[in-house]
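Here are my notes on the model, as numbered points. Please read them with the structure open.

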Amino acid sequence: MFGVIGEDGLVPRARSRLPVVCDAGLGLLILVFVWLLDADRFMERAGMIAFCLTVAAFIHSMCLFAEEWFFHSRQRYHGRINEIFQACFKGRAILGMCAIFLMLMLGGVSLSHEQWSTMAIVCAGYLLINSLGLLGPTPVEISEICEAKKMNVAHGLAWSFYIGYLKLILPDLQNKINKYSSTGARLSSPRLHILLPLNAVVPSKPEEEDTNVVFHENLPELELDIAGVRKRSYKNSVYKITQNNKTFSCVLEYATPLRTLYLMSQESSAGFGERERKQQVLLFYRTLSQILENSLECRNRYRLLLLDDEHTGDPHYLSREIIQHLKQQDGEIHMDPIQEESPNEAFPVPEEGQIRNFRGALSATFPEDQMSREPTLMFSLPQSLRSEPQETTDY
């Protein structure tokens, strides 16, 4: 039912400043064109129109101030006039209005009755058009503001998922895997694989989506005292994934905040449709990826799998895509520190993946001397690239 999707073609990127640049460029071109047509009266006319627009914006801010002062001053601002003023007025608009007014006065511009009438009509037209919502922000602008201010539902859910769960369990994940491996079991990957279905449908059991994904057992529990709850338990589950008579195992779970997005879309009072839900899932994925990439505690301990909901007809799509990710990790070089080799060990532990290939190429390029193979002589091999780094910074 699910398939891993390409990030570049689906996950939305942060919006650029292209609209602002285009607006500024086109505005300047139009002003230059008008100046070429009528250079004598250009400054006077431009100053009048700019003054009208800033005055109209100031009047609109006064209307906002009246609403907030009369009906919301105590509940929202605790009676602080300065906070109401900052919320309703744009400082740049006020400064611009004052600057244009001084420019007109100091420049010796005398406005006629007709010009004052024109300015009043421009201000009235601006206010009427703005009251109809024609000058309000478009859905794209609202979305940009919400993303820039981190006000989307997805941003809050991603941070909650990280602070309240991933930041607690990921740093301790390796310890739990070591305890699990001490019983003789082995995982195909030491990372926590987090599934993020694009349709936000989070089943209780992965077996409900793919019978090739079977629960095996839980890792040792992590108990923490959190928010007044003593010894709150955090669990992670190991699943066996089968394909072509081959079995893989990994720590697997769905991103539980996506269930909240799905349930919100089912409530009419939430105002959250299917299209908005899909966008929030993608923003959740992008935000969570950025948070985890910047977290030193969680680095190289997770894998996010964004899953598609359009691939129907294949009952084992989920297992196939998980196994593809597991195989992809086999060739990766993990930079996590490993334990130092014991002095009593005569031979180092064999390494796999690209490190082993690197040593093979090194031996082929610089073959050992024949005498070094005698039992009486021993030469140390190059140090593992995964060994603990040494601090060399001088203070």
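1. Start with the helix pair H11 and H12. Helix H11 (residues 257-265) packs against helix H12 (residues 274-293) at an angle of about 165°, and their axes are 10 Å apart. H11 is therefore roughly antiparallel to H12. The crossing of the two, H11 and H12, is right-handed. On the terms: axes are lines fitted to C-alpha atoms, for helices over the stretch in contact, and angles run from 0 to 180 degrees between N-to-C directions. Under 35 degrees counts as roughly parallel, over 145 as roughly antiparallel, 65 to 115 as roughly perpendicular and the rest as oblique. Right-handed means that the near helix is turned clockwise from the far one by less than a right angle, left-handed anticlockwise.

2. Which residues make this contact? H11 supplies Pro257, Leu258, Leu261, Tyr262 and Ser265, while H12 supplies Arg277, Gln280, Val281 and Phe284. Contact means heavy atoms within 4.5 Å. By class, the contact of H11 with H12 has six nonpolar, two polar and one charged residues. Here Ala, Val, Leu, Ile, Met, Phe, Trp, Tyr, Cys and Pro count as nonpolar, Asp, Glu, Lys and Arg as charged, and the others, Gly among them, as polar.

3. A word on the source. This is a predicted model, where local features need pLDDT of at least 70, side-chain atom pairs count only at pLDDT 80 or more, and totals for chains, interfaces and linings use all residues. Residues are numbered from 1 along each chain as its sequence is written, and side-chain values use heavy atoms, with hydrogens and water left out.

4. Next, the aromatics. The structure holds eight aromatic pairs. Rings of Phe, Tyr and Trp (its six-membered ring) pair if their centres lie within 6.5 Å; planes under 30 degrees apart are stacked, over 60 edge-to-face, and the rest tilted. Phenylalanine 65 and phenylalanine 89 form a tilted pair, 6.1 Å centre to centre with 50° between the planes. Phenylalanine 65 lies in helix H3 (residues 42-71) and phenylalanine 89 in the loop between helix H5 (81-88) and helix H6 (91-106), so the pair ties together parts 24 residues apart in sequence. Both phenylalanine 65 and phenylalanine 89 are buried. Buried means under 20% relative accessible area, exposed over 50%, partly exposed in between (1.4 Å probe, protein chains only). Phe58, Phe65, Phe85 and Phe89 form one aromatic cluster.

5. Compare phenylalanine 161 and tyrosine 165. Their ring centres are 5.6 Å apart and their planes are at 20°, so this pair is stacked. The two residues are four apart in helix H9 (residues 153-169), which means about one helical turn between them. Phenylalanine 161 is buried at 4% relative accessible area, and tyrosine 165 is buried at 15%.

6. Check two phi values. Most residues other than glycine have a negative phi. Alanine 200 has phi near 65°, a positive value. It lies in the loop between strand E2 (192-197) and strand E3 (213-218). Is alanine 200 buried or exposed? At 1% relative accessibility, alanine 200 is buried. Asparagine 300 also has a positive phi, near 65°. Asparagine 300 sits in the loop between H12 and strand E8 (302-308) and is partly exposed, at 28%.

7. Finally, the whole chain. It has 14 helices and eight strands. Helices (H or I, at least four residues) and strands (E, at least two) are DSSP runs, numbered from the N terminus. Of its 395 residues, 31% count as buried.
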